[in-house]
Amino acid sequence: MINNRSTPLLFPLLGGLILLFIIAPLANMFLATTPNQLFETSKDQDVIDSIFLTLWVSFVSTIVFSVAAIPLSYYLARTKFRFKNIINGIVDLPVVIPHSAAGIAILGLISRDSTIGQVASSFGLNFVGHPVGIALAMAFVSIPFLINAARDGFENVPLKLEKTALNLGASPIRVFFSISLPLAWKNILSGLIMMFARGLSEFGAVIIVAYHPMVTPVLIFERFGSFGLKYARPVSVVFILVCLVFFILLRTLAKEKKSENA
Amino acid sequence: MLKLKDISVKLGDFKLENINLELDKGDYYVLLGKSGVGKTVLLEIIAGLIKPDSGQVFLKDENITNEKIQNRQVGIVFQDYSIFPHLSVKQNIAYSLKGKKLSNKQKEALIHQYAQLTEVTHLLNRNTTNLSGGELQRVALARMLVSKPKCLLLDEPLASLDVQMKGGLRNLLRQINQSGVSILHVTHDYEEAIALSNKVAVIHDGEIIQKGLTKEVFQKPATEFVANFTGIKNFFHAEFSPLNTAKINGTLEINVSNKDQIKNGKIIIRGEEILLSNEKIESSATNNFKGKIVQIIPYLTNYEIIVNVGVDLTVVITEKSLQKFKFRKGSIVWVSFKSTVIKIIP
């Protein structure tokens, strides 16, 4: 640890400005919302439905996509192959492209004109304007958070432990589940939480794929467009509070899990 | 039992070439070599963790070169123990038993049997994070032995332990070997080879430069490298004359007892058998040389004095002698040794 005195005084001052920049708009929004407005908004059925929808769709999307994303992370961490850098670049692509463009791309993939859309239609499903479409849009923009965190986690697992497990007669799949996965779990859990949180807050991609049913970020936008700032603000505050509660809860659970393993 | 045939591998700048080695059942084979010479790589090749570029590995006459790692039945214990940190001591030891057709009672019995052998029974329910190096090594051995490998591969098992722990673990390794487990142990420490092995191979520059019974290799080192590496300090090439004299390293002429009339060979003079004095002493020793002390190296119980008499001779003396005769770096001294203490290797 560097002694506080050896850090130039300017650094914490500049840092304080950044923190103020983050805190000030949020604090302003919270202070501008009366308890009565908050109470009324939290009773609004549309708000309740949209928050519930946002939470469960993001949760399901995170869990479903993790089934394939975690093995991909392991593969990227453990295997050397020629185009690995390209694959890593593809994984990061959703982070750098505009989310509305991501929404357009997803829409093109699942609309009724597309092959997937036609196959879904033959089963009576239409992903556009459907929670499945929302889940796809959320996963598209948030999956890099999980893959990158899990890949870092697997890379931190000493290769020798896996070699030892193999040498003790375990199959590669058992080595993955009994050694690699538990030891990388801290990073994976962190990645899952980040993917879930990122999914909750997604607006750009979701609004293009599904205006209805309305996830909370879209509802906030709709309230702002139709009724103005005064009506959008309480919904924002309620949603932020719910997200914070979930975020703190999941982080606490992750920490408890960590101390159990220590 | 275990046979390596013409194993070669190149990994970056480092290579192993034409390694041939054979372990019989019950052998305690020590592979001796400097750090970074490829000893661990060789163990990993046997265990199947690295594929050789060429050559074959046989276990009980069966070619296992391309066998899956988990089916090889050779157990490797790494230098850093590789204990699974998220599992308890008992879970570590039991790791290889999962999926085996054994009842829980049988599994428990096996765990306790090997925990008892390695003296870790009292640690069974402990977490592994606070164990000492010696305890971790014992847990690693117990874990490997439970899987009943046909051959045990040990990668510098005593390197990270203090002297007291080393003694205890050496006894354990002897016990394991005496129970019928063949062991291939790699180390850079020749004392481990002397203490444990019945066979030894010396590896240098990616090749095995000498192998055989431990006694033979230590008594008849084939090269200066082997001699130095096996702890022999005074090893010289010698040209013998018919008059029972020999010129060592082409410079110093000494008296020898050359009964077999050898013309060219090597000689070994043990440092403990050379006398060191401030003045020339009259004795039955026929080799008396004046020289200068170039270095004094302290060891645990004694001192190594390197005296240049045309060649560098290492003389071993006690601390008491060092103080009594006040030997210092740069002192002019006399070294004496009898021709009968000179060991001649053809």
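Between which two helices of chain A is the loop with A:Pro213 found? The legends below describe close-up views of a predicted model, and the first of them gives the answer.

View 1. A:Pro213 is found in the loop between helix 10 (204-209) and helix 11 (216-227) of chain A. Most peptide bonds, by contrast, are trans.

**View 2. A:Ser50 is a buried residue of helix 3 in chain A.** Helix 3 covers residues 45-78, and A:Ser50 within this helix counts as buried because its relative accessibility is 3%, where the limit for buried is under 20%. Its side chain makes a polar contact of 3.1 Å with the side chain of A:Thr216. Leaving aside residues up to four places away in sequence, A:Ser50 touches A:Met214, A:Val215, A:Thr216 and A:Leu219.

**View 3. Five strands of chain B form an open antiparallel sheet.** The strands follow the order 15-19-16-17-18. Strand 15 (275-277) and strand 18 (312-318) stand at the edges, and each has a single partner strand, so one side of each is left without a neighbour in the sheet. From one strand to the next, the twist averages 45°. Strand 16 (residues 287-298) and strand 17 (residues 302-308) pair in the antiparallel sense over six bridges, and B:Ile297 has B:Glu304 in strand 17 as its bridge partner.

**View 4. B:Glu156 has a positive phi.** Although B:Glu156 is not a glycine, its phi is near 45°. B:Glu156 lies in the loop between strand 7 (151-155) and helix 5 (163-178) of chain B, and it is buried, with a relative accessible area of 6%.

Notes
Residues are numbered from 1 along each chain as its sequence is written. Chains are lettered from A and ligands numbered from 1 in the order in which they are written. This is a predicted model: local features need pLDDT of at least 70, side-chain atom pairs count only at pLDDT 80 or more; totals for chains, interfaces and linings use all residues. Side-chain values use heavy atoms; hydrogens and water are left out. Helices (H or I, at least four residues) and strands (E, at least two) are DSSP runs, numbered from the N terminus. Buried means under 20% relative accessible area, exposed over 50%, partly exposed in between (1.4 Å probe, protein chains only). A polar contact is a pair of N or O atoms within 3.5 Å; within protein, one must be able to donate a hydrogen and the other to accept it, and residues adjacent in sequence count only if both atoms are side-chain atoms. Contact means heavy atoms within 4.5 Å. Two strands pair if DSSP finds at least two bridges between them. Axes are lines fitted to C-alpha atoms, for helices over the stretch in contact, and angles run from 0 to 180 degrees between N-to-C directions.
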